[in-house]
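Hi there,

Here is the structure I promised to pass on. My notes follow below it.

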Amino acid sequence: MNPDTLLSWQLWAILSAVFAALTAIFAKVGVADINSDLATFIRTIVVLVALAALLLATGRLAFSEPITAKTWLFLILSG
């Protein structure tokens, strides 16, 4: 492993830890006044909207072929 790769890896690890800590803090403050299930639902919607925006921005939201019933079934079961 060269030094540039090591530094890049360490930077991403530190950023990951910082954002994980911020997520925990924001979640704790966010559920202080509402039901925790509702808070989880709201956070899930935010993640879905962010993912949709990312997929739209990268052009990966297009369906290349129809999704079969079997695929839908197993995706839903896995969720």
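A term to start with: a polar contact here is a pair of N or O atoms within 3.5 Å, where within protein one must be able to donate a hydrogen and the other to accept it, and residues adjacent in sequence count only if both atoms are side-chain atoms. With that in hand, look at the start of α2, where a side-chain oxygen of Asn 35 comes to within 2.6 Å of the backbone nitrogen of Asp 37.

Please keep in mind that this is a predicted model, so local features need pLDDT of at least 70 and side-chain atom pairs count only at pLDDT 80 or more, while totals for chains, interfaces and linings use all residues. Residues are numbered from 1 along each chain as its sequence is written, and side-chain values use heavy atoms, with hydrogens and water left out. The mean pLDDT (the predictor's confidence in each residue, from 0 to 100) is 89 for the chain, and 92% of its residues reach 70 or more. Helices are DSSP runs (H or I, at least four residues), numbered from the N terminus.

Back to Asn 35: it sits in the loop between α1 and α2 and is partly exposed, at 48% relative accessible area (buried means under 20%, exposed over 50%, partly exposed in between, with a 1.4 Å probe and protein chains only). Asp 33 belongs to that loop between α1 and α2 too, and counts as exposed because its relative accessibility is 75%. Its C-alpha lies 37 Å from that of Leu 73, 40 residues away in sequence.

How far apart are the end C-alpha atoms of helix α2 (residues 36-58)? They are 33 Å apart, which agrees with the 33 Å that its 23 residues should span at 1.5 Å a residue (the expected span is 1.5 Å times one less than the number of residues). Just after α2, Gly 59 has a positive phi of about 75°.

Finally, Ile 14 is found in helix α1 (residues 3-30) and is exposed, with a relative accessible area of 54%.

Best wishes

Definitions and conventions. Helices (H or I, at least four residues) and strands (E, at least two) are DSSP runs, numbered from the N terminus.
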